[in-house]
Amino acid sequence: MFELSPQDWTAVALSLRVAAVSTVVALPFGIAIATLLARKDFWGKSLVDAVVLLPLVLPPVVTGYLLLITFGRRAPVGAFLADHFGIVFSFRWTGAALACGIMAFPLMVRAIRLSIEAIDRRLEDAAATLGANRPWLFLTVTLPLALPGIITGMMLAFARALGEFGATITFVSNIPGETQTISAAIYTLTQVPGGDAAALSLVIVAVIISLAALIASEWLARRATARLHGS
Amino acid sequence: MLAVDIEKKLGTFTLNTQFTSESGATVLFGPSGAGKTSVINMIAGLLKPDRGRIVLDDEVLFDGAARIEVPAWRRRIGYVFQEGRLFPHLSVKHNLDYGRWMGGHAANAAAFAHVAELLDIGPLLDRRPGKLSGGERQRVAVGRALLMRPRLLLLDEPLASLDAARKQDILPYFERLRDEAKVPMIYVSHDAAEVRRIASRVVRLDGGKVMATGGVELLTS
């Protein structure tokens, strides 16, 4: 009964690519925003905090619609990026990655922010007395100490991206081979008579991928934590 | 030579301290809450005085009136903290090398071997700080501060977290440090017995003010 059509495999591969790319591209931004929120007090901080959290509380369809009117081919930002940089999001897998990245961003930022807030800042003072300027201090002390949180944040973002449905389908539709991820493929299969069996196969694949990602990240985070505590 | 003349409001009291220190070990001695740690944090550049001046070997590190404030990372002042503050994600060897990396200096095997021998930390190099005893940790912390080639060494109650037996084990290392390493030291302590063994000169601090400066005879009065 476990059978995947070539189209299903395409959806699986696309999902993995979209989730991986969105996670990796979101990471530098996630680290920057998390550091800003954990370390700096500035005017409008609670607004930034709220905006970052917004995709978590908005209905995904609303996020997808907002992406459509911002990054669509004829929308202001979308047209600018297409004309000047040749980056097109609408109805492309890159758009799916953008939607997934935005949806996953709050989870990523939250995990990284918590781990940065938990760092003993006296260690950073010690690094400063040893001659570390700001950038070096961040690279050699802050980031390594935040590593367990960064791994957790990446894992949460990857899982969220894998499961993203509403924003993606609203923004870039459900095009086999281009924007049809596992979730969208399962949805499509359940809409046709007799598609249940194929849908079940994809469901099993989704469960396996999610479990593998979870186990891998737990293992990595445990290792990173153990390194910090000297074993 | 170090010249300190600083003022800083700290909670309920105002720290107002003037002293100078030459070679050897100058001990800041006084009860807890006297402002000793705040004073050396200001020398290190970790705390900003409200006003005053800090000068080390003709270099102005801080001058409130002239708006000079050299950042901590450019001061080249070694600091041994009460709790060691070793980097938990780095091995002992990498902790010891950290100051050299940040200073951009080439490896100096002789200096490294000398410090490792002076402090007896050779066998610990591959371990992580989490696996060290309290005494070992403090010796590594001293080594780390020495290997950055500091112009001045600040030690903030480096023995306070150790039990009496451990203290007796480590004090000789500090005496050797004072006599052999030739780096001037500011040593903070509230333990008269410890001070008597280490101090070349004593600055007695209370309530944020210098009550007296002189030799170890200050401790008996």
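Predicted model: local features only at pLDDT ≥ 70, side-chain atom pairs only at ≥ 80, totals over all residues.
**Note on the A–B contact and selected residues**

1. Between chain B and chain A, five residue pairs are in polar contact, both members of each pair standing at pLDDT 80 or more. The elements that give two or more residues to the side of chain B that touches chain A are β7 (77–80), α2 (92–103) and α4 (134–147) of chain B, and the largest share, three residues, comes from α2(B). By residue class, that side of chain B divides into 14 nonpolar, three polar and five charged residues.

2. The mean pLDDT of chain A is 92, with 99% of its residues at 70 or more. Within chain A, confidence is lowest in helix α10 (residues 196–228), where the mean is 88, and highest in helix α6 (residues 121–129), where the mean is 96.

3. As for the extent of the contact, 22 residues of chain B and 22 residues of chain A take part. The two chains bury about 2,000 Å² between them, and 66% of this area lies on carbon and sulfur atoms. Of the area that chain B buries against chain A, Trp73(B), His89(B) and Met102(B) supply 31%, which is more than any other three residues.

4. The count of salt bridges between chain B and chain A is one. In a salt bridge between Glu83(B) and Arg122(A), the closest N and O atoms are 3.4 Å apart. Arg122(A) also meets Asp120(A) in a salt bridge, at 3.0 Å from N to O. Asp120(A) is partly exposed at 31% relative accessibility, and Arg122(A) is likewise classed as partly exposed, at 39%.

5. Over all chains, a search of the whole structure finds 21 salt bridges. One of the pairs is Arg113(A) with Asp49(A), whose side chains meet at 3.3 Å, N to O. This pair links distant parts of the chain, since Arg113(A) lies in helix α5 (residues 93–117) and Asp49(A) in helix α2 (residues 45–57), 64 residues apart. Arg113(A) counts as buried because its relative accessibility is 18%, under the 20% limit, whereas Asp49(A), at 24%, is partly exposed.

6. In chain B, the side chains of Arg176(B) and Glu180(B) form a salt bridge with an N to O distance of 3.5 Å. Because the two residues are four places apart in helix α5 (residues 164–181) of chain B, about one helical turn separates them. Arg176(B) is partly exposed, with a relative accessible area of 29%, and Glu180(B) is partly exposed as well, with 40%. Elsewhere, salt bridges that share partners join Asp120(A), Arg122(A), Glu83(B) and Arg85(B) into one network.

7. Thr142(A) is found in helix α7 (residues 134–163) of chain A and is buried, with a relative accessible area of 2%. Leaving aside residues up to four places away in sequence, Thr142(A) touches Arg39(A), Ile119(A), Glu124(A) and Leu137(A).

8. Leu218(B) lies in the segment after β11 (209–214) of chain B, and it is classed as buried because its relative accessible area is 13%. With residues up to four places away in sequence again left out, Leu218(B) touches Val202(B), Arg204(B), Ala212(B) and Thr213(B). The C-alpha atoms of Leu218(B) and Val203(B) are separated by 8.7 Å, although the two residues are 15 apart along the chain.

Definitions and conventions:
Residues numbered from 1 in each chain as written. Chains lettered and ligands numbered in written order. Heavy atoms only, no water. Buried < 20%, exposed > 50% of the residue type's maximum accessible area, 1.4 Å probe, protein only. Contact = heavy atoms within 4.5 Å. pLDDT = per-residue confidence, 0-100. Buried area = accessible area lost by both parts, 1.4 Å probe. Salt bridge = Lys/Arg side-chain N within 4 Å of Asp/Glu carboxyl O. Polar contact = N/O pair within 3.5 Å; in protein donor to acceptor, adjacent residues only side chain to side chain. Nonpolar A, V, L, I, M, F, W, Y, C, P; charged D, E, K, R; others polar.
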